[in-house]
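I opened this notebook to record what I looked up in one protein structure.

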Amino acid sequence: MSANGSTGSGFGRGAEHAEPDAAGALRRRMGESVEGFLGSAAWVPWKAAGTSGEDGSIAHVMIRDREFVPVFTDPAELTTSLPDTEARAMPMAELVTALPEGFGIVVDPTSAQAANFLQADVVAELREGMRGGVPLDPDER
């Protein structure tokens with residue numbers, strides 16, 4: 001998947017320079033194509049039961065007044081960045097279909113160099129493409 005200058009969404013930047021470990025391999029697979037992204041699973045922070053009125057839901061962050069769900073290619077990075085936060089491995093296709101309208105996804109948000117953003121409109125396009133049975137790459141239309 002590639003950068004989209006109109007929305008600011010981008011994915012895959014720096015993936016070719018990812019470390020030769022499991023997290024790096026996941027980043028490369030996620031950045032290669034829409035199918036690679038949707039067919040991958042990453043670690044998602046989860047609001048544990050008893051912590052808020054939104055128990056049992058996906059945690060999210062606000063970045064520039066927009067809501068994003070952070071996902072991590074390395075579970076150790078999630079644990080370091082968000083200590084005492086439960087995490088679940090989740091297929092990205094499942095996450096895309098489960099997110100409410102208006103939510104984006106940010107992959108590896110703790111590193112400015114590695115972070116990749118999929119704005120809410122791009123997530124909506126992915127979701128719509130999945131409904132049609134064929135995920136669409138927004139740059140290939």
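The entries below concern a predicted model.

Entry 1, overall layout. I then read along the sequence and noted the pattern α-α-β-β-β-α-β-α-β-β-α.

I looked up how much of the chain is hidden: of its 141 residues, 40% count as buried. The chain exposes about 7500 Å², and carbon and sulfur atoms supply 52% of that area. I also checked contacts between residues at least 6 apart in sequence, and 62% of these join residues at least 24 apart.

The largest nonpolar core has 23 residues. I asked which of them touch the most other members, and I found Phe-37, Val-44, Val-69, Val-71, Met-92, Leu-95 and Ile-105. At least two residues of this core come from each of α1 (22-32), α2 (34-38), β1 (41-46), β3 (66-71), α4 (92-98), β5 (103-107) and α5 (120-131).

I listed the buried residues of α1 as Ala-23, Gly-24, Leu-26, Arg-27, Met-30 and Gly-31. Why do I say that they line one face of the helix? Seen down the axis of α1, the buried residues fall within an arc of 160 degrees, so they line one face. On the other side of α1, I found Ala-22 and Glu-32 exposed. Finally, I looked up what covers the buried residues of α1, and the cover includes α2, β1, α4, β5 and β6 (116-118).

Note on methods: Residues are numbered from 1 along each chain as its sequence is written. This is a predicted model: local features need pLDDT of at least 70, side-chain atom pairs count only at pLDDT 80 or more; totals for chains, interfaces and linings use all residues. Side-chain values use heavy atoms; hydrogens and water are left out. A nonpolar core is a set of buried Ala, Val, Leu, Ile, Met, Phe, Trp, Tyr and Cys residues joined through side-chain atoms within 4.5 Å. Buried means under 20% relative accessible area, exposed over 50%, partly exposed in between (1.4 Å probe, protein chains only). Helices (H or I, at least four residues) and strands (E, at least two) are DSSP runs, numbered from the N terminus. Contact means heavy atoms within 4.5 Å. Accessible areas come from the Shrake-Rupley method with a 1.4 Å probe; for residues, only the protein chains shown count as cover. The arc is that of the directions from the helix axis to the C-beta atoms.
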